[in-house]
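The following note sets out numbered points for a colleague who will work with this model. Please read each point alongside the coordinates.

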Amino acid sequence: MLLTKEEEKILSGGEGAGKAKAMEILCAIGKIYGADRLIPVSTAQVAGVSYKTIGDAGLEFLSDFAAKGAKAAIPAFLNPAGMDLKNWKEMGIPERFAERQLRIIEAYGAMNIQSTCTCTPYLIGIRPKLGEHIAWSESSAISFANSILGARTNRESAVSALSSAIIGKTPNFGLHLDENRRAGLVVEVAAPISRMSDFGALGIIAGKAAKERIPAFTGLDPKLANEDRMKSLGAAMAAAGSVALYYARGITPEWRLADEPEKLERIAVEAKDLAEAKAKMQSADGLDLVTIGCPHCSLTEIREIAEKVKGKKLKVKLWVCTSRKVKEDAEKHGYVKIIGKAGGLVVADTCMVVSPIEEMGVKATGVNSGKAATYLPSLCRQKIRFSDIEELL
Ligand code: F3S
């Protein structure tokens, strides 16, 4: 990979140990993937925030990086942490976990990484434009940015996104290049898809079928496939098949098929396929907790939940996961109070997967998200009910 004089100076330590380490990481990645050069990125979204996922080794790595004087050179922000940074006691988070989690946030803060703690930065005003190069690392955020916004990011790891934040650049390969952004699988949606769980189940089916190809959907109704549902579709595909980019005819800003589109594999998804995919994900009888907000809820989704639970007393514990900014907006509209009166909790900065729910006695969780339904059994030892809010509450 060709470096400019300035980049070489950074690599050799001319601008401090922290920047040298970040440059070293980017150069190693660039070499592995055959990048020709580094290109500027406008923002970085850094995963690897929850103490549950990175542990003491991660905390030590970050503290060390911060001590080397590394600072973000571009706007950079965090993925969800393992708890609500303000109301963690209300969530029932163990003290020891909270203490370590706050130290992680502090280490990132020392590197000027903003503690937005959300997987939906695009819902709090961070919306890269068509063709804009970025370095994001949470799988559903990557999918949304590449697909719905038409921005360009690879599937960055926590460490590569952090390095990009510090240098302001990323190696030029993969989804930054036109030739790697062409669909290799056509998914014909032949079922009436309207509910959130339908989009999650469709994402599971398409994600499993993708096998490292970019899927292109036909047959989705643009009136029903709004941003909330498309974020759920993308998240489920990312979880089921590491899909980082997809197209949907008439919905996504780009539609690129590989050469000879008539020869592409096509699969049809029918109502019975969705029903089968949903049935396979059910493993819980009773529920300890219902969690909505994977990816993090928009204000519209929180309003819809508030309308559903208004005046009721919920029989099951409910968490509505979102970003701090959206929670503040929801507070202004009175939605947080309405949900609270019904017995639910609007939880900011975290989610059901990266918080330590299994340590808190939760064994069975209800979700309307294909991604959460995929990860909760393995990462949080949960039994699952996968359905829509109306059936879960
Ligand atoms: Fe976001 Fe957590 Fe789901 S990070 S996409 S809410 S697993």
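1. Burial and surface. Of the 393 residues of the protein, 59% count as buried, where buried means under 20% relative accessible area, exposed over 50%, and partly exposed in between (1.4 Å probe, protein chains only). The protein exposes about 16,200 Å², and carbon and sulfur atoms supply 52% of this area. Accessible areas come from the Shrake-Rupley method with a 1.4 Å probe, and for residues only the protein chains shown count as cover.

2. Basis of the values. This is a predicted model, in which local features need pLDDT of at least 70 and side-chain atom pairs count only at pLDDT 80 or more, while totals for chains, interfaces and linings use all residues. Residues are numbered from 1 along each chain as its sequence is written, and side-chain values use heavy atoms, with hydrogens and water left out.

3. Overall architecture. The protein has 15 helices and 14 strands; these are DSSP runs numbered from the N terminus (helices H or I, at least four residues; strands E, at least two). Its radius of gyration is 21 Å, close to the 21 Å that the globule rule gives for 393 residues, so the protein is as compact as a globular protein of that length. The radius is taken over C-alpha atoms, and the rule is 2.2 Å times the number of residues to the power 0.38. Along the principal axes, the C-alpha atoms fill a box of roughly 65 × 60 × 35 Å.

4. Contact range. Among contacts between residues at least 6 apart in sequence, 78% join residues at least 24 apart. Contact means heavy atoms within 4.5 Å.

5. Ligand shell. Which residues surround the ligand? They are P80, C119, E138, S140, G293, C294, P295, C351, V353 and K371, on the criterion that a heavy atom of the residue lies within 4 Å of the molecule. By class, this shell has six nonpolar, two polar and two charged residues. Ala, Val, Leu, Ile, Met, Phe, Trp, Tyr, Cys and Pro count as nonpolar, Asp, Glu, Lys and Arg as charged, and the others, Gly among them, as polar.

6. Packing of α9 and α14. Helix α9 (residues 227-241) and helix α14 (residues 370-380) pack at an angle of about 30°, with their axes 7 Å apart. Axes are lines fitted to C-alpha atoms, for helices over the stretch in contact, and angles run from 0 to 180 degrees between N-to-C directions. In this contact, A235, A236, A238 and A239 of α9 meet G370, K371, T374 and Y375 of α14. The contact residues divide into five nonpolar, two polar and one charged. K371 also belongs to the ligand surroundings.

7. Eight of the 10 residues of α7 (residues 158-167) are buried, namely S160, A161, L162, S163, S164, A165, I166 and I167. S157, in the loop between α6 (139-147) and α7, is partly exposed, with a relative accessible area of 39%. Just after α7, G168 takes a positive phi of about 80°.

8. F386. This residue is found in strand β14 (residues 383-386) and is buried, with a relative accessible area of 2%. Not counting residues up to four places away in sequence, F386 touches residues including S197, G200, M281, V367, G370 and A373. F386 and G200 are 186 residues apart in sequence and 9.3 Å apart in space, C-alpha to C-alpha.

9. E358. Beyond residues up to four places away in sequence, E358 touches K52, L379, C380, R381 and Q382.
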